[in-house]
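These are my notebook entries on one structure, written down in the order in which I looked things up.

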Amino acid sequence: MTGPTASAPAPTSTPTPILEVRDLSKHFGGVAAVDHCSFTVARGTVTGLIGPNGSGKTTVFNLVTGHLAADAGQILLDGRPVTRPDPARLHRRGLCRTFQQPRIFPDLTVLENLAVAAGHPWQALAGPRVRRADRDRGEALLAEFALAAHSAHRADELSYGQRKLLEFAALLMSSPALVLLDEPTAGVNPTMVRTMERHIRERHAAGTTFLVVEHDMNLLMRLCDPVIVLDRGAVIAQGAPGAVQTDRQVLDAYLGS
Ligand SMILES: Nc1ncnc2c1ncn2[C@@H]1O[C@H](COP(=O)(O)OP(=O)(O)OP(=O)(O)O)[C@@H](O)[C@H]1O
Ligand SMILES: [Mg+2]
């Protein structure tokens, strides 16, 4: 015998969520953008976050990723409180995001943007410090997102939709545990939406958890389960996409009553 036999731990309680938001609030002047908002994201899910315009979705992302400081409330990653959320530190803990308005490095080339995302200084792109595998991966992603012809162009020469694709491709250069996508398909053509969807599915199958703000209801219904619904900064419904879609309160929120 070589050692003790591993015995599976008894499933005594629900697993710790990868992300938990407790009673989170954020005001801008008199506007309660996020208002006592609480929800959890279970590990291994593609969770949807929806709600009417101005319901607080992006603000929640900004609070969770440390781009804004909350007025009140708690954020827990893997059950551990995030006391002073800081984007760089959270990134090192495996939390990645995209922005509603894509953020890329405008002065770098398209390929250099991917090198940076893989953790390399962009100057090292041509040198031995950038692993061949990363370079190959970057070039393969650019080909898939129809950006290969722009590889050596400055990123600020890309169209809005192409910037969104580049930001998304950059995310795929690392292996984050939790990815927050803020309207990944807005302004992106239908073929590329399919490509993005396939990549999300592949990453999900490989173990990445997603929290996705998405206005394309068809995509949302195909991709996300559960779905969390915000209205005026608070959660008003959550559950399977089909159930949420027919929820009275959700319909009222979208109709603006
Ligand atoms: N930096 C800011 N300064 C002032 N008010 C803000 C700021 N950011 C957001 N708000 C306000 O907070 C509320 C929530 O905005 P937020 O952008 O989080 O909504 P959203 O659900 O992402 O909307 P959308 O679907 O349009 O992207 C809105 O009333 C918005 O005008
Ligand atoms: Mg938004």
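Before reading any pairing I settled the term: two strands pair if DSSP finds at least two bridges between them. I also kept in mind that this is a predicted model.

Entry on the parallel strands. I looked up strand S6 (residues 95-97) and found that it pairs with S7 in the parallel sense over three bridges, with Leu 95 standing opposite Leu 178 in S7. I then followed S7 to strand S8 (residues 209-213), to which it is joined by five bridges, again running parallel; here Leu 181 has Val 212 in S8 as its bridge partner.

Entry on the burial of S7. Are the residues of strand S7 (residues 178-182) buried or exposed? I found that five of its five residues are buried, so the strand is mostly covered. Leu 178, Leu 180 and Asp 182 point one way from S7, while Val 179 and Leu 181 point the other way.

Entry on the helix between S7 and S8. I noted that S7, helix H6 (residues 190-205) and S8 make a right-handed β-α-β unit. H6 has 16 residues and reaches 22 Å from its first C-alpha to its last, close to the 22 Å expected at 1.5 Å a residue. Which residues of H6 are buried? I listed Met 192, Met 196 and Ile 200. Seen down the axis of H6, these buried residues fall within an arc of 85 degrees, so they line one face of the helix. To make sense of this I recalled that an α-helix has 3.6 residues a turn, so residues three or four places apart point the same way. On the face of H6 turned away from its buried side I found exposed residues, including Arg 194, Arg 198 and Glu 202.

Entry on the antiparallel sheet. I traced four strands that form an open sheet in the order S2-S1-S4-S5, with antiparallel pairing. S2 and strand S5 (80-81) stand at the edges with a single partner strand each, so one side of each is left without a neighbour in the sheet. Strand S4 (residues 72-77) is joined to S5 by two bridges, and Leu 77 has Arg 80 in S5 as its bridge partner.

Entry on ligand 1. I looked up what surrounds ligand 1 and found, among others, Phe 28, Asn 53, Lys 57 and Gln 100. Strand S2 (31-41) and helix H1 (57-64) each supply at least two residues of this shell, and the largest share, three residues, comes from H1. By kind, the shell divides into three nonpolar, eight polar and one charged.

Conventions:
Residues are numbered from 1 along each chain as its sequence is written. Chains are lettered from A and ligands numbered from 1 in the order in which they are written. This is a predicted model: local features need pLDDT of at least 70, side-chain atom pairs count only at pLDDT 80 or more; totals for chains, interfaces and linings use all residues. A residue is near a molecule or strand if its C-beta atom, placed from the backbone, lies within 6 Å of it. Ala, Val, Leu, Ile, Met, Phe, Trp, Tyr, Cys and Pro count as nonpolar, Asp, Glu, Lys and Arg as charged, and the others, Gly among them, as polar. A residue is buried if 20 or more other C-beta atoms lie within 10 Å of its own, exposed if 12 or fewer, and partly exposed in between; C-beta atoms are placed from the backbone. A crossover is right-handed if, with the strands pointing away from the viewer, the path from the first strand over the helix to the second runs clockwise. The expected span of a helix is 1.5 Å times one less than its number of residues. The arc is that of the directions from the helix axis to the C-beta atoms.
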